[in-house]
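Let's take a walk around this one together. Have a look at the fold first, then read on.

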Amino acid sequence: MALYEHVFLARQDLSQAQVDQLAATATEIVEKNDGKVTKTETWGLKNLAYKIDRNRKAHFVMLNIEGPGSVVSELERQTRINEDVIRYMTIKVEEHEEGPSVMMRKNERDSKKRKDREERN
């Protein structure tokens, strides 16, 4: 089975529950096509480098997928149709990263730095 990382950006005006529903829908699509989602991470609402369809921010979500290439084709087709998703990208990887992704570790580092700064003041 091939391994993939699928990241999509959802519109900024969606609630967290709606973003979670988008991730659940993507998981259903993968599982219907003989694939498996091994990890789902929601990176939160982040600033974009430039405006995309009048959005300055977006909800970032990453899925680690195991399955044949047809899974990715169907997932991307469904994602392209969805109006709530403003961008997506799927890449093939040699192996999935164990534990939290780099983005999740970055969030933890940033929150620790903020906490340390607050303690000094």
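## Ground rules

The model is predicted, so local features need pLDDT of at least 70 and side-chain atom pairs pLDDT 80 or more, while totals for chains, interfaces and linings use all residues. Residues are numbered from 1 along each chain as its sequence is written, and side-chain values use heavy atoms, with hydrogens and water left out.

## The sheet

Four strands form an open sheet in the order β2-β3-β1-β4, with antiparallel pairing (strands pair if DSSP finds at least two bridges between them). Strands are DSSP runs of E with at least two residues, and helices are runs of H or I with at least four, numbered from the N terminus. At the edges sit β2 (36-52) and β4 (85-93), each pairing on one side only.

Between β1 and β3 (residues 55-67) there are 10 bridges. Histidine 6 stands opposite leucine 63 in β3.

## The pocket lining

Who lines the largest pocket? The lining includes His6, Phe8, Leu22 and Val85. A pocket here is an open set of points on a 1 Å grid over the protein atoms alone, where a 1.4 Å probe fits, with protein on both sides within 12 Å along at least five of seven lines; lining residues have an atom within 4 Å of a point.

Helix α1 gives the largest share, four residues. By type, the lining has six nonpolar residues, five polar and no charged.

Notes
Ala, Val, Leu, Ile, Met, Phe, Trp, Tyr, Cys and Pro count as nonpolar, Asp, Glu, Lys and Arg as charged, and the others, Gly among them, as polar.
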